[in-house]
Amino acid sequence: MSEPRLVFIKTYGCQMNVYDSDRMADILAAEGYSTAERPEDADLVLLNTCHIREKAAEKVYSEIGRLRALKKSARTDGRDMRIAVAGCVAQAEGEEILKRAPAVDVVVGPQSYHRLPALLARGARAVETEFPAESKFDHLPERGTAAPGPTRVLPLQPVSAFLTVQEGCDKFCTFCVVPYTRGAEVSRPVARIVEEAEALAARGVKDIMLLGQNVNAYHGEGPDGETWSLAKLLTRLSQIDAIARLRYTTSHPRDMSDDLIAAHRDLDKVMPYLHLPVQSGSDRVLAAMNRKHDRAFYLQLVERLRAARPDLALSGDFIVGFPGETDEDFDHTMQLIEKVRYASAFSFKYSPRPGTPAAEREQVPDVVKAERLTRLQALIAEQQRDFNAGMRGLTTDVLLEKPGKHPGQLVGKSPWLQAVQVDAPRALLGEIVTVTITGIGTHSLYGALADGNAHERAIA
Ligand code: SAH
Ligand code: SF4
Ligand code: F3S
């Protein structure tokens with residue numbers, strides 16, 4: 001191993017990028033890197049980027065601009081600072097990044113980051129964006145080997161973790177870059193996922209969010225040689241004692257199979273939360289988006305899910321101002337939201353992405369998009385408030401994850417993925433406790449430990 005070095009990683013985009021950043025930190029740890037708190041201390045700055053909307057992609061170039069100055073002053077101090085760009089912008093733009101940003105040394109795509117050490121070792125500027133035949137997962141070191149840097153206080157041992165089980169997408173929605181940046185759908189074998197979950201459990205993790213761009217299309221090789229569905233995988237993961245909570249994201253309505261709906265009814269550890277993007281409530285727009293489902297299909301699916309799990313918290317994604325979206329189409333979206341009643345949702349103005357079919361179509365003016373987004377977000381905010389308000393007085397389990405806003409408080413997660421601020425002693429960090437919800441805030445709920453909790457044992 002070579003002399004100790006520091007890497008600073010900045011992550012943009014989705015949860016899978018967060019997972020990938022951790023894995024890249026593990027890979028670099030094996031090369032002698034520990035993590036830096038600030039880019040100015042780092043020998044290597046790694047940007048893990050997102051290409052989903054124009055704004056996300058542009059951010060990367062302004063960040064590289066800032067880093068260029070740091071790189072220059074490092075050189076004046078006789079130090080070498082290298083800059084690597086990973087993630088979906090790296091995949092989409094490849095060589096272009098080296099041309100446009102001379103400060104960048106290495107560009108590596110999301111399916112080839114296991115090659116990062118080799119690329120860095122080359123010394124020269126390098127790009128790796130081929131989708132390799134081998135799976136990166138077969139080349140990653142054990143999880144959690146990344147060491148915090150010398151200036152860093154040891155982080156709290158996390159009790160929640162992401163775990164990628166499926167990657168890529170074959171759906172080709174006409175607005176979306178993901179099938180191009182992440183490639184075709186690939187599912188990891190069950191045995192590898194179970195291994196990773198068991199290792200997480202051994203390190204104190206109790207809550208796992210399974211990740212995939214199309215996670216419910218999971219079809220991995222089972223230990224019996226059969227192809228396993230996500231429902232079957234969830235059943236297997238439920239058998240790991242120390243894992244108390246399971247969720248998965250993101251799901252496509254088309255892949256919400258009967259056995260997965262049943263899993264929400266039958267498996268206690270599968271939490272009553274589901275992110276199920278619909279994008280639009282207009283059949284005309286859904287068809288133009290190539291979503292492969294219509295409004296009636298989605299609404300029926302929601303009914304079936306609620307029949308299986310009446311308290312399910314539904315979350316969604318919406319795009320407003322998709323090319324050709326009329327006022328009437330938009331009204332259909334608002335009506336769908338009224339019908340479904342979401343616990344939360346993400347919503348975006350349509351952003352034309354190079355290389356995707358919808359980018360070539362006639363665009364909706366930005367003022368119209370902005371006005372629709374404001375109305376949609378107001379409706380979602382109202383539904384979110386209602387959903388949260390319904391929790392008042394309820395006694396439920398909360399997984400305490402971090403110190404809270406105020407001394408004497410810890411923040412945890414409810415089964416419905418709400419943040420809950422609880423007055424609780426620090427000794428309870430990492431525990432699942434019973435809490436009575438006493439107050440409803442904008443961004444979190446407030447709660448008090450219910451009687452007979454583990455806290456009495458903890459303080460005793
Ligand atoms: N796999 C997920 C989506 C991943 S992208 C799924 O199928 O739902 C996350 C969200 O970004 C999408 O659900 C969509 O709402 C939004 N999005 C994707 N491309 C977009 C674009 N070109 N403009 C605006 N929003 C977009
Ligand atoms: Fe993108 Fe559609 Fe695939 Fe989701 S299902 S990742 S929105 S192409
Ligand atoms: Fe962005 Fe790539 Fe995730 S484009 S949303 S980082 S899959």
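I started at strand β8 (residues 160-164), which pairs with β11 in the parallel sense over five bridges. For my own record, a pair of strands needs at least two bridges found by DSSP, and the elements are DSSP runs, with helices (H or I) of at least four residues and strands (E) of at least two, numbered from the N terminus. This is a predicted model, where local features need pLDDT of at least 70 and side-chain atom pairs count only at pLDDT 80 or more, while totals for chains, interfaces and linings use all residues. Residues are numbered from 1 along each chain as its sequence is written, chains are lettered from A and ligands numbered from 1 in the order in which they are written, and side-chain values use heavy atoms, with hydrogens and water left out.

**Entry: β11**

I looked up who faces whom: A161 stands opposite I208 in β11. On to the next partner, strand β14 (residues 245-249), which also pairs with β11 in the parallel sense over five bridges. There, M209 stands opposite R247 in β14.

Then I checked burial (buried is under 20% relative accessible area, exposed over 50%, partly exposed in between, with a 1.4 Å probe and protein chains only). Five of the five residues of β11 (residues 207-211) are buried, so the strand is largely enclosed by the rest of the structure. D207, M209 and L211 point one way, I208 and L210 the other.

Q15 sits in helix α1. It counts as partly exposed, at 31% relative accessibility. I listed its contacts (heavy atoms within 4.5 Å): leaving out residues up to four places away in sequence, Q15 touches F162, M209, L211 and T249. I also noted that Q15 and L163 are 148 residues apart in sequence but 9.6 Å apart in space, C-alpha to C-alpha.

Is N17 buried or exposed? N17 is buried, with a relative accessible area of 1%. Beyond its neighbours within four places in sequence, N17 contacts T11, Y12, N48, T49, C50 and R182.

**Entry: the β15-β16-β17 sheet**

I found an open sheet of three strands in the order β15-β16-β17, paired in parallel. Its edge strands are β15 (273-275) and β17 (344-349), each pairing on one side only. From one strand to the next, the twist averages 10°. β15 pairs with β16 (residues 313-320) over three bridges, and Y273 stands opposite A313 in β16. Helix α13 (residues 366-389) packs on this sheet and touches β16 and β17, with its direction at about 175° to that of β17. Axes here are lines fitted to C-alpha atoms, for helices over the stretch in contact, with angles from 0 to 180 degrees between N-to-C directions.

**Entry: ligand 1**

Which residues come nearest to ligand 1? Of the 15 around it (a heavy atom within 4 Å), these are F175, Q213, Q279, D317 and S351.

I went through some polar contacts, meaning pairs of N or O atoms within 3.5 Å. A nitrogen atom of ligand 1 is 2.6 Å from a polar backbone atom of Q213. For D317, an N or O atom in the side chain lies 2.6 Å from an oxygen atom of the ligand. R53 has a polar side-chain atom 3.1 Å from a ligand oxygen.

Alone, ligand 1 exposes 540 Å², and the protein buries 89% of that; areas are from the Shrake-Rupley method with a 1.4 Å probe. The elements giving two or more residues to its shell are β16 and β17.

Note on methods:
A polar contact is a pair of N or O atoms within 3.5 Å; within protein, one must be able to donate a hydrogen and the other to accept it, and residues adjacent in sequence count only if both atoms are side-chain atoms.
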